[in-house]
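Please read the model below alongside its sequence. The paragraphs that follow go through its helices, the contacts between them and a few single residues.

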Amino acid sequence: MTALLLALAGGLGAVARFEVDSFVARRSRRLSVPMGTLVVNVTACFLLGLVTGGIAAGSDVGEVLGVGFLGGYSTFSTASVEAARLLRAGRARAALLHAAGMLVASLAAALLGLTLTT
């Protein structure tokens, strides 16, 4: 039963990622880096910090939310491809800003989530 819930939550997370990424991308077209993936990954790290830190830690609900929903919602593989595309386009500075900014912001968001719940 847990595997089915994980699969369902993962699918819902993927749909949520698509919607959030599309919403942000439409409003940030003039920026030099893809902002939709940044927003998705930072919010995923914050929410996973909340889940891991206490809201549903160690429970089946925590696994379904963390592994299932947030696993489907977050997308560090897309972020890596976006940075690689920027590099291939000769935009090394934008690629570095994108990759480093996402890492720092994601770590800070996860720390904030953990801090708020522990």
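Helices α2 and α3 are roughly antiparallel to each other, a term for angles over 145 degrees. Their axes come within 10 Å and cross at roughly 175°; axes here are lines fitted to C-alpha atoms, for helices over the stretch in contact, with angles running from 0 to 180 degrees between N-to-C directions. On the α2 side, V40, T43, A44, L47, L48 and V51 meet G62, L65, G66, L70 and Y73 of α3, where contact means heavy atoms within 4.5 Å. The contact of α2 with α3 has eight nonpolar, three polar and no charged residues. In this classification Ala, Val, Leu, Ile, Met, Phe, Trp, Tyr, Cys and Pro count as nonpolar, Asp, Glu, Lys and Arg as charged, and the others, Gly among them, as polar.

The model is predicted: local features need pLDDT of at least 70 and side-chain atom pairs count only at pLDDT 80 or more, while totals for chains, interfaces and linings use all residues. Residues are numbered from 1 along each chain as its sequence is written, and side-chain values use heavy atoms, with hydrogens and water left out.

The protein has five helices and zero strands, in the pattern α-α-α-α-α along the sequence. Helices (H or I, at least four residues) and strands (E, at least two) are DSSP runs, numbered from the N terminus. Taken along the principal axes, the C-alpha atoms fill a box of roughly 45 × 30 × 25 Å. Of the 118 residues, 33% are buried, that is, under 20% relative accessible area, with exposed meaning over 50% and partly exposed in between (1.4 Å probe, protein chains only). Among contacts between residues at least 6 apart in sequence, 74% join residues at least 24 apart.

Helix α3 (residues 60–73) also carries both F69 and Y73, four residues apart, about one turn of the helix. The structure holds one aromatic pair. The ring centres of F69 and Y73 are 6.0 Å apart and their planes lie at 10°, so the pair is stacked. For rings of Phe, Tyr and Trp (its six-membered ring), pairing requires centres within 6.5 Å; planes under 30 degrees apart count as stacked, over 60 as edge-to-face and the rest as tilted. F69 is partly exposed at 26% relative accessible area, whereas Y73 is buried at 7%.

The loop between α2 (35–55) and α3 contains G58, which is exposed, with a relative accessible area of 86%. From G58 to T78 the C-alpha distance is 29 Å, over 20 residues of sequence.

The axes of α4 (residues 76–88) and α5 (residues 92–117) come within 7 Å and cross at roughly 160°. Helices α4 and α5 are therefore roughly antiparallel to each other. Their crossing is left-handed, meaning that the near helix is turned anticlockwise from the far one by less than a right angle; clockwise would be right-handed. F76, A79, E82, A83, L86 and L87 of α4 make the contact with A92, A94, A95, H98, A99, M102 and S106 of α5. These residues divide into ten nonpolar, two polar and one charged.

Which residues does E82 touch, leaving aside its neighbours within four places in sequence? They are P34, T37 and H98. E82 lies in helix α4 and is buried, with a relative accessible area of 14%. E82 and H98 are 16 residues apart along the chain, and their C-alpha atoms are separated by 8.4 Å.

Conventions:
Angles under 35 degrees count as roughly parallel, over 145 as roughly antiparallel, 65 to 115 as roughly perpendicular and the rest as oblique.
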